[in-house]
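I opened a structure today to look up its ligand site. These are my notes.

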Amino acid sequence: MEYNIKTIGILTSGGDAPGMNAAIRAVTRTAIFNGINVKAIYQGYKGLINREIKEFHTEDVSGIIGRGGTILKSARCQEFCTPEGRATAFQTLQDEQIDALVVIGGDGTFTGARALAKEYNIPIIGVPGTIDNDLWGTDSTIGYDTALNTIMQCVDKIRDTASSHNRIFFIEVMGRDAGFLALNSAIAGGAEAAIIPERKTPEEQIEAFIGHGLRKSKNSSIVIVAENPVTGGAQGMADLLKKNHPEYDVRVTILGHLQRGGSPSAYDRILASRLGVAAINALLEEQRSIMVGIKNDEIVYVPFTKAIKDDKDVQPDSVAALQVLAI
Ligand code: F6P
């Protein structure tokens with residue numbers, strides 16, 4: 001295929017993340033700056049299958065840099081996981097004369113992109129957008145910093161009640177299978193412990209908290225728990241504690257989807273803007289099937305296969321720091 005990109009399609013897929021709009025703006029304006037047409041695909045891969053498409057001009061992305069969510073809307077699309085679904089999506093690309101795609105999302109988004117790119121030889125560039133920060137090859141994903149700040153503000157507020165009532169609070173945060181949000185919000189919020197999937201079992205971590213945490217002179221504690229359907233998350237951990245220590249006054253708070261909303265932080269807006277520009281530059285450099293990321297403040301290209309492998313670990317020094325600082 002001759003490498004001549006006249007029109008790109010752009011979509012957001014998976015869970016929305018603050019900063020996705022800043023990325024949409026950056027991709028759109030950089031494409032137009034380089035003489036490339038932009039077609040906005042609504043509702044992620046679902047919109048590609050159902051042909052929910054509109055041509056975008058520079059004014060279509062005005063005034064969105066500070067807005068949370070995604071103006072393109074998002075969806076989790078089971079149909080796109082099938083070869084038949086992807087065949088329909090490819091037909092749409094052909095009919096709409098879309099030569100390449102920029103997809104903004106997390107590992108599910110890139111898994112779908114990798115399959116489509118492989119089956120139909122289409123250039124696709126990924127932009128990491130997820131609050132979970134679980135993509136390998138980039139120091140941060142778009143939305144992670146904003147979500148961390150949101151969680152930290154909630155932890156600050158809950159601490160007022162925890163200390164006023166001498167209570168132990170278990171606060172559950174998102175992260176899917178990753179503990180970045182839990183660990184780093186625990187550090188930022190001065191919590192006494194974080195229960196994360198990357199380390200010992202939740203039961204062992206709660207035992208360690210009981211051993212070290214409850215002997216302290218403090219009368220109240222905050223434990224941040226990464227969501228975990230197997231152990232029951234924060235409620236499961238609270239039940240475990242109450243079983244052995246019925247004398248403690250324990251409460252559970254599940255932060256839920258409020259972690260995904262809100263205006264993106266300056267960090268996320270800048271990250272999204274740099275990555276959006278980088279996505280178009282990558283296409284112009286004839287890259288394909290890669291995620292653009294930032295490592296040590298430099299733009300990097302990471303093959304989809306590497307970006308989605310699930311072994312991005314939390315920083316060991318951060319785990320150690322939380323333990324030391326909670327004494
Ligand atoms: O991937 C982002 C995320 O918010 C995860 O942290 C969470 O497990 C999941 O999405 C929730 O998905 P949904 O909004 O579809 O319930």
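Ground rules. I worked on a predicted model, where local features need pLDDT of at least 70, side-chain atom pairs count only at pLDDT 80 or more, and totals for chains, interfaces and linings use all residues. Residues are numbered from 1 along each chain as its sequence is written, and side-chain values use heavy atoms, leaving out hydrogens and water.

Domains. I found the chain divided into domain 1 (7–143 + 264–309) and domain 2 (145–261). These bounds come from an automatic or database domain assignment. The C-alpha centres of domain 1 and domain 2 lie 33 Å apart. Their contact (heavy atoms within 4.5 Å) takes 14 residues from domain 1 and twelve residues from domain 2.

Polar contacts. I looked for pairs of N or O atoms within 3.5 Å. A polar side-chain atom of Glu227 is 2.6 Å from a ligand oxygen. For an N or O atom in the side chain of Asp132, the distance to a ligand oxygen is 2.7 Å. Arg176 uses a backbone N or O atom, 3.4 Å from an oxygen of the ligand.

Cover. The ligand alone exposes 400 Å², and the protein buries 73% of that. I noted the method for areas: Shrake-Rupley with a 1.4 Å probe.

Methods:
Polar contact = N/O pair within 3.5 Å; in protein donor to acceptor, adjacent residues only side chain to side chain.
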